[in-house]
Amino acid sequence: MLALTELGQRLRQERESKGLSLEDLQKLTKIQKRYLLGIEEGNYEVMPGKFYVRAFIKQYCEAIGLDTDAIFEEYKSDIPSTQTEDIPQQLSRVRSRKEIPQHTKGVSKAYDYLPTVLVVAGVVVVGIIIWVIAQNIVSDKNKEQANQEAPNSEVQQSNTQEETNETTAKNDNSTSEDDQSAADKKEQEKEKAEKEKAAKEKAEKEKAEKEKKDSGKQEYKEVQKTGRSATYALSGTDAFNLEVTSTQADTWLDVKNGKGNAFFSSILKKGETKEFDLTKETEARVNIGYSPGVELKVNGKAVDLPFDSSKQVRQVVTIQYQPAEAQ
């Protein structure tokens with residue numbers, strides 16, 4: 001076990017404080033677990049190259065909510081700089097090929113392909129032999145089976161006819177009972193479906209009326225925007241309901257009120273939606289670790305994220321709420 005660097009110890013502590021395992025972080029960042037472990041242990045030799053070290057550390061920081069620029073500045077002595085790596089082996093290979101005499105190249109290439117040609121030819125011949133043997137075996141078995149079945153075909157046909165007649169008689173006796181049972185079941189299912197449909201339509205109608213009523217007065221406007229954080233003011237409504245949905249990938253989600261009390265602080269799975277009733281709060285802070293594909297709704301109405309998610313992966317949205325009755 002390698003000794004942890006100061007950077008690796010900081011990252012591991014921050015990850016564990018979020019309740020994330022290396023498997024969780026692998027799903028968030030799409031970085032293999034052994035590279036994540038190499039970052040924490042300061043074992044950069046396992047990485048594909050120095051460029052990947054810095055790129056992987058950046059994704060690691062963004063996934064657990066750390067400021068990448070600050071981390072790179074604070075631990076720059078622990079992070080290797082990116083430089084073009086030497087390729088002496090490739091140059092050596094180029095020189096060796098140039099030194100090969102021109103008149104021997106064709107002969108050498110032919111000898112290189114000879115073993116492969118022989119192996120392929122052998123495999124083809126063996127395959128043909130096996131196929132011929134298999135065809136002969138199948139043909140013999142079919143002939144033997146036909147000879148065995150011929151004497152019994154008439155008896156089997158007679159038994160089959162008797163079984164068919166018995167089955168038909170039984171089916172005739174039970175048809176009326178089955179038809180009545182099926183009709184009753186179909187009627188019950190129809191009534192149940194109609195009740196469920198009516199209840200669903202009623203709920204949707206009530207929800208639409210409430211949203212329509214609130215949308216006429218609700219106002220959601222930007223107050224401040226800086227870095228990766230933005231503040232919005234919500235007013236003109238007596239409700240503050242927040243929905244967060246992740247449609248593309250798993251993401252870290254942290255939702256707190258103005259006092260720092262957490263409503264949710266964990267992984268939001270792909271396709272999952274979390275709903276929060278914040279009507280009694282005056283402020284909510286939404287920290288999104290991986291914003292591509294994340295959708296926000298306030299009181300059932302979709303609102304845009306403050307930044308382009310392709311450029312700003314991690315985003316922090318603060319919503320200040322003032323109820324309509326207090327205005």
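How many helices and strands does the secondary structure of the chain contain? In this predicted model, the secondary structure comes to eight helices and 10 strands. The chain has 327 residues, of which 27% count as buried; a residue is called buried here if its relative accessible area is under 20%. The accessible surface of the chain amounts to about 22700 Å², and carbon and sulfur atoms contribute 49% of that surface. Among the contacts in the chain with a separation of 6 or more, 65% are between residues 24 or more positions apart.

Helix 2 spans residues 22-29, and its residues Leu22, Leu25, Leu28 and Thr29 are buried. Why do these residues lie on the same side of helix 2? They cover an arc of only 115° around the axis, and therefore they share one side of the helix. The buried residues of helix 2 pack against several other elements: helix 1 (6-17), helix 3 (33-41) and helix 4 (50-64), together with strand 4 (251-257) and strand 5 (262-268). After helix 2 comes Lys30, which has a positive phi, near 65°.

Strand 2 (residues 229-235) runs parallel to strand 10 and is joined to it by six bridges. Within strand 10, Val317 stands opposite Ala230. Strand 7 (residues 283-288) is also joined to strand 10 by six bridges, but these two strands run antiparallel. Here Asn287 has Val316 of strand 10 as its bridge partner.

Which order do its four strands follow? The order is 6-3-8-9, and the pairing is antiparallel. Strand 6 (273-277) and strand 9 (301-303) stand at the edges; because each has a single partner strand, one side of each is left without a neighbour in the sheet. On average, neighbouring strands of this sheet are turned by 25° against each other, direction ignored.

Strand 8 (residues 294-298) and strand 9 run antiparallel and are joined by three bridges. Lys297 has Ala302 in strand 9 as its bridge partner.

Technical notes: Residues are numbered from 1 along each chain as its sequence is written. This is a predicted model: local features need pLDDT of at least 70, side-chain atom pairs count only at pLDDT 80 or more; totals for chains, interfaces and linings use all residues. Side-chain values use heavy atoms; hydrogens and water are left out. Two strands pair if DSSP finds at least two bridges between them. Axes are lines fitted to C-alpha atoms, for helices over the stretch in contact, and angles run from 0 to 180 degrees between N-to-C directions. Buried means under 20% relative accessible area, exposed over 50%, partly exposed in between (1.4 Å probe, protein chains only). The arc is that of the directions from the helix axis to the C-beta atoms. Contact means heavy atoms within 4.5 Å. Accessible areas come from the Shrake-Rupley method with a 1.4 Å probe; for residues, only the protein chains shown count as cover.
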